[in-house]
Amino acid sequence: MGNKNCQQFQSAVAEYLVRHRSVLDVISKLQESTAHVNRAIVNSVTACGCLKIDASKQLIPNDATFLEMASYMQTHLKGSLCPTCSENIQEEIGDTLFYLAGICALLELDLDKIICKENERLETLGIYNLT
Ligand SMILES: [Zn+2]
């Protein structure tokens, strides 16, 4: 059973892929859009300041179990996104999804099936097999 939103989204993207119909354009636009996601995150730190990055070496005790590791691993993020930065990042992620769906449409791949298959893979693997 597929996700209707995902399938409709891919169909809509396929219809809107007029200016960038070539797979080369879509591939390069996907790469560009991921850079814009990164840039929007960086802007939330360096231009807005709602987020801070405080990074250092991850310190994990040698005897920590795999399940305990999650409690030691840091995101290196401090603060939280303000509404403006949150909106900007969401827009950039939306553009990335657009071009990802575009690649799927051009290659006749079903994005929804890919998401379902990946989700099933994660559920099947379980946390112990993600090392
Ligand atoms: Zn902000």
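Modeller: Let me begin with accessibility: a residue is buried under 20% relative accessible area, exposed over 50%, and partly exposed in between, with a 1.4 Å probe and protein chains only. This is a predicted model, in which local features need pLDDT of at least 70 and side-chain atom pairs count only at pLDDT 80 or more, while totals for chains, interfaces and linings use all residues. Residues are numbered from 1 along each chain as its sequence is written, and side-chain values use heavy atoms, without hydrogens and water.

Biologist: Why does C48 count as partly exposed?

Modeller: Its relative accessibility is 43%, which lies between the limits of 20% and 50%, so C48 counts as partly exposed.

Biologist: And what makes C85 count as buried?

Modeller: C85 has 7% relative accessibility, and because this is under 20%, the residue is buried.

Biologist: Which atoms are the protein donors of the zinc ion?

Modeller: Donors are N, O and S atoms within 2.8 Å of the metal (3.2 Å for Na, K and Ca), and since water is not among the atoms, sites may look incomplete. The SG atoms of C48, C50, C82 and C85 lie 2.3 to 2.4 Å from the zinc ion, and therefore qualify.

Biologist: Why is the site of the zinc ion called tetrahedral?

Modeller: Four donors count as tetrahedral if all angles lie between 85 and 135 degrees; the angles among the four donor atoms here are 104 to 117°, so the site is tetrahedral. Ideal angles for four tetrahedral donors are 109.5 degrees.

How values were computed
Four donors count as tetrahedral if all angles lie between 85 and 135 degrees; four count as square planar and six as octahedral if opposite donors are over 155 degrees apart and all others between 65 and 115; anything else is irregular.
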